[in-house]
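Me: I'd like to learn how to read helix packing and pockets in a model. Could you walk me through it?

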Amino acid sequence: MEINLKKPLLNSSAVETSDTEEIEECLYPLGGRFRGFLPVVIDMETGGFNHHTDALLEVAAVTLRCDEHGMLSPHSTYGWHVNPFEGSNLEPASLEVNGIDPNLPFRQAIAVDEKKCLDELFLIVRKEMKANNCKRAILVGHNAAFDLNFLNAAVQRIAKKRNPFHPFSTFDTVTLAAMAYKQTVLARSVKAAGFPWDANEAHSAVYDTEKTADLFCNIINQWEDKIGTKKLNGSEE
C-alpha cells in the first residue's frame, strides 16, 4: 500500500490492502517510547474550518520508526483524495488557500468516500501499532486539534468502529516548535529546524504531513540527544 505521493497526490487506495498481509516487524518498537502510544503524523485539507459541516477533501499520514539510538525518522507516506460528503459545505476562501478543485475530472476519477479512506487509514495504523507493540495511536499534527476534530467528525458520520486514535489527546507540533524554535507557523518552524520549504507545495496534505513529520522527529531527536529519556530509568506510569 505504500506508494510515492510526491506530486500529483495519488490515492493509497489505488493499491489493494488486506488484513491478512504480513506484519513487518520493527527491530526497535516505539511501544516503550510514548507510553504505549504510536505517533502517526496526520494532515487534512478541508472545505472550511467547521468539522461538522465542511467537507474533508484530502487526508495524508506519515508513519514513523525508531532506530537503536532512540532516534525517530519518517517511514512511509500515504494519501487520499476524498469526495465531499453529501450536503457538505465548501468555503471558496478555503479552496483558494489549499488550491483544491473538487470538480476536476482527474480528482473525481481517483477520489474515494470517507469510509474507504478511513478503512484504509485505520488498517495501516493498526498494523503499525502491532508492529511497534503499541496499544493506541495518537495524532501528531500542526494545530493537531483541527485535524483530530475533522477525523472524529468523519468517524461519527460513517459510524466507524474501532478507531485506533486517542479521541482527544494529540502531539501538537505548534507547541513543540514554539518551545524549540520560537516559531508557531509551519513554514517558519520547518525552516528554523533546518529543512527546506517550498511555498508552491504547501497546503497539499502530503507535503504538509511530510514536513510536519520532519519537524516532529527533529524536535524529539534533539531532546533525546541532549536530555535523553534513558535518564528517566525507563519508568512508565
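This is a predicted model: local features need pLDDT of at least 70, side-chain atom pairs count only at pLDDT 80 or more; totals for chains, interfaces and linings use all residues.

Me: How much space lies in the largest pocket?

Reply: Here's the general idea: rolling a probe the size of a water molecule over the atoms shows where empty space is left. In this model, the largest pocket holds about 510 Å³ of space.

Me: Which residues are the closest to its centre?

Reply: Look for Asp 43, Glu 45, Phe 146, His 203 and Asp 208, the closest to the centre out of 22 lining residues.

Me: And which elements give two or more residues to that lining?

Reply: Those are β1 (37–46), α1 (92–98), α4, α6 (186–192) and α7 (205–226). Strand β1 has the largest share, with four residues. Sorted by class, the lining comes out as nine nonpolar, nine polar and four charged residues.

Me: Now the helices. At what angle do α3 and α4 cross?

Reply: Helix α3 (residues 114–131) and helix α4 (residues 144–157) cross at roughly 115°, and their axes come within 10 Å. Angles from 65 to 115 degrees count as roughly perpendicular, so that's how α3 and α4 sit relative to each other. The crossing is left-handed.

Me: Which residues make that contact?

Reply: From α3 you have Glu 114, Leu 118 and Phe 122, and from α4 there are Leu 151, Ala 154, Val 155 and Arg 157. By class, this contact of α3 with α4 has five nonpolar and two charged residues, with no polar ones.

Me: What about α5 and α7: at what angle do they pack?

Reply: Helix α5 (residues 173–181) packs on α7 at about 50°, with the axes 10 Å apart. That pair is therefore oblique, and the crossing of α5 and α7 is left-handed.

Me: Which residues of α5 and α7 meet there?

Reply: On the α5 side, Thr 173, Leu 176, Ala 177, Met 179, Ala 180 and Tyr 181 meet Thr 212, Leu 215, Phe 216, Asn 218, Ile 219 and Gln 222 of α7. This contact has eight nonpolar and four polar residues, and no charged ones.

How values were computed:
Residues are numbered from 1 along each chain as its sequence is written. Side-chain values use heavy atoms; hydrogens and water are left out. Axes are lines fitted to C-alpha atoms, for helices over the stretch in contact, and angles run from 0 to 180 degrees between N-to-C directions. Angles under 35 degrees count as roughly parallel, over 145 as roughly antiparallel, 65 to 115 as roughly perpendicular and the rest as oblique. A crossing is left-handed if the near helix is turned anticlockwise from the far one by less than a right angle, and right-handed if clockwise. Contact means heavy atoms within 4.5 Å. Ala, Val, Leu, Ile, Met, Phe, Trp, Tyr, Cys and Pro count as nonpolar, Asp, Glu, Lys and Arg as charged, and the others, Gly among them, as polar. On a 1 Å grid over the protein atoms alone, a cavity is a set of points where a 1.4 Å probe fits but cannot get out, and a pocket is an open set with protein on both sides within 12 Å along at least five of seven lines; lining residues have an atom within 4 Å of a point. Grid points are joined across faces, edges and corners, and a volume is the space filled by probe spheres set on the points.
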